[in-house]
Amino acid sequence: MARLADAVRPRLARAVRAARLPPAVRSGSVHLPRLPRPRTVRTWQYTAGAATAGLVLAAGVVTAAGPWDANGQRTAERLRAAAPERAGGADHGATAGGAPRPAPSAGPVLTALGAAADAVGTGKTAQEAPALPDVLGPLLDDPALGDRHAAAVVDVTTGERLYDADAGQALTPASTTKIATAVAALSALGPDHRLTTRTALDPDTRELVLVGGGDPTLTAHARTGGWAGLRDLAADTARALRERGIRKVTLSYDTTLFTGPALHPIGVNDNLAPVSALTADEGRADGSARGPAPRVSDPAADAAAKFARFLKSAGITATPPGPSKAGTRAQTLATVSSPPLSALVERMLTNSDNDIAEALARHTALASGRPAGFAGGAQAIATQLRGLGLPMAGAAFHDGSGLDRADRLTAGLLTGLLAKAADPDRPGLRPVLTGLPVAGFTGTLSGRYTDGAAGAVRAKTGTLTGVNTLAGTVVDQAGHLLAFAFLASDTSDALAAQAALDRAATALAG
């Protein structure tokens with residue numbers, strides 16, 4: 001509260017100064033003469049004035065309490081979630097020895113949109129709540145979920161398995177695989193790791209090499225949105241060349257960071273570009289930023305051609321680019337780096353971004369000393385998860401995105417991944433939770449739960465032909481954070497199966 005007051009005080013001070021009253025009047029030391037004909041101030045004017053003042057104060061408080069991300073998700077949420085202290089309380093910093101313990105944090109006060117009015121503060125005990133098998137059993141037996149399905153629910157705080165319906169059965173996970181990819185990448189690289197794209201000049205041949213750093217979020221758009229910009233790299237490179245008196249270069253591009261086939265086993269597909277260490281805007285050919293889209297056949301060549309045009313605009317003439325490798329004598333001229341890995345993980349999970357997922361799998365392989373291809377990435381993910389002590393029986397990875405139908409995960413592993421991401425001793429994994437789409441609001445859940453648990457469920461979706469999955473977190477009526485995973489195979493109606501899974505997650509919130 002003290003920090004909030006300090007932040008708001010300057011705004012209130014400026015508001016007072018804006019009133020332009022003489023100092024003496026503000027201090028109360030001047031007695032104003034009584035006016036012979038006072039103007040009558042109507043009630044609506046008092047109301048309007050009070051409302052305006054209230055809005056000014058509220059805006060100041062909200063501004064001080066920020067910051068807010070562009071998608072409406074508070075940055076402070078991510079920072080608070082990463083705090084490793086177990087004690088909680090209003091003061092989330094460390095408590096000095098002998099100092100009073102911080103006051104306990106207040107419980108949740110908002111219900112899910114569309115939930116019953118008594119969802120909070122009912123006073124019901126855990127013993128009064130219906131047993132999970134009685135609630136979930138009938139919902140998960142919905143014919144829309146096919147003949148093969150599995151489920152698990154875990155109390156994140158205690159680690160207790162609250163519900164188990166074939167939780168050890170390995171099924172096709174679809175895009176819930178990205179939860180495993182996220183945990184493995186954060187574990188191997190750390191949440192602050194950044195991916196760097198650079199330019200290097202051979203001083204003898206004047207060959208300029210655009211070196212791909214495996215950043216799937218590199219953008220050629222004029223407005224970068226905070227991601228690494230190809231235009232910025234071109235501008236900085238052109239400046240460095242001019243300082244050396246160079247106006248013409250032989251342009252090449254280096255993609256040797258990644259190895260193996262670029263094309264996913266599913267073949268050419270709007271859900272994923274050929275995987276390359278150098279790509280701009282995920283090779284999208286329609287200017288989109290998320291979701292399925294036509295892709296260029298060679299993302300690296302496309303990015304290098306755009307880079308050449310940006311160089312030309314900056315006064316540097318370049319030859320048509322071709323593939324090469326930066327030699328040991330090449331001198332780095334300029335670099336651009338991605339936001340921290342934590343931001344890439346959140347974007348991947350929120351939008352179910354396959355391009356980011358495959359890039360992160362390869363970086364996990366590099367960190368593990370493996371070849372940065374589909375196979376190396378899959379092996380590295382499995383190795384990282386075993387190192388975390390997760391239940392890997394039956395699990396099989398073939399990619400990082402979950403597009404490969406040969407992938408296999410269990411409901412027990414998925415809930416284990418989510419519980420591990422919530423472990424207070426592993427704050428670096430928290431982006432796995434903060435990146436989950438919010439029901440009814442963000443990412444792949446923005447159009448779902450509009451009549452149920454909107455805002456209460458946070459979950460990663462998974463959809464392939466005949467496969468529907470959902471895994472995430474929800475806070476139940478007793479205030480417990482639950483991790484859940486539902487997997488269904490052999491479904492025949494994707495929308496009906498999706499609705500059935502949403503009803504099960506909504507039931508957990510209730």
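Figure 1. Arg 161 counts as partly exposed because its relative accessibility is 38%, where partly exposed lies between buried (under 20% relative accessible area) and exposed (over 50%), computed with a 1.4 Å probe on protein chains only. Asp 164, at 48% relative accessibility, is likewise partly exposed. The two residues form a salt bridge, with the closest N and O atoms 3.0 Å apart; a salt bridge is a side-chain nitrogen of Lys or Arg within 4 Å of a carboxyl oxygen of Asp or Glu. By this rule the count comes to ten salt bridges. The model is a predicted one, in which local features need pLDDT of at least 70 and side-chain atom pairs count only at pLDDT 80 or more, while totals for chains, interfaces and linings use all residues. Residues are numbered from 1 along each chain as its sequence is written, and side-chain values use heavy atoms, with hydrogens and water left out.

**Figure 2. Close-up of the salt bridge between Arg 329 and Asp 204.** The side chains of Arg 329 and Asp 204 meet at 2.8 Å, N to O. This pair links distant parts of the chain, 125 residues apart: Arg 329 is in the loop between strand 7 (322–323) and strand 8 (331–337), and Asp 204 is in the loop between strand 3 (196–201) and strand 4 (207–211). Helices (H or I, at least four residues) and strands (E, at least two) are DSSP runs, numbered from the N terminus. Arg 329 is partly exposed, with a relative accessible area of 48%, whereas Asp 204 counts as exposed at 55% relative accessibility.

**Figure 3. Close-up of the salt bridge between Arg 448 and Asp 502.** The closest N and O atoms of Arg 448 and Asp 502 are 2.6 Å apart. Arg 448 lies in the loop between helix 13 (431–434) and strand 9 (457–464) and Asp 502 in helix 14 (residues 494–509), so the pair ties together parts 54 residues apart in sequence. Both Arg 448 and Asp 502 are buried.

**Figure 4. Close-up of the contact between helix 6 and helix 10.** The axes of helix 6 (residues 177–189) and helix 10 (residues 354–367) come within 9 Å and cross at roughly 40°; axes are lines fitted to C-alpha atoms, for helices over the stretch in contact, and angles run from 0 to 180 degrees between N-to-C directions. Residues in contact, meaning heavy atoms within 4.5 Å, include Lys 178 and Thr 181 in helix 6 and Asn 354 and His 363 in helix 10.
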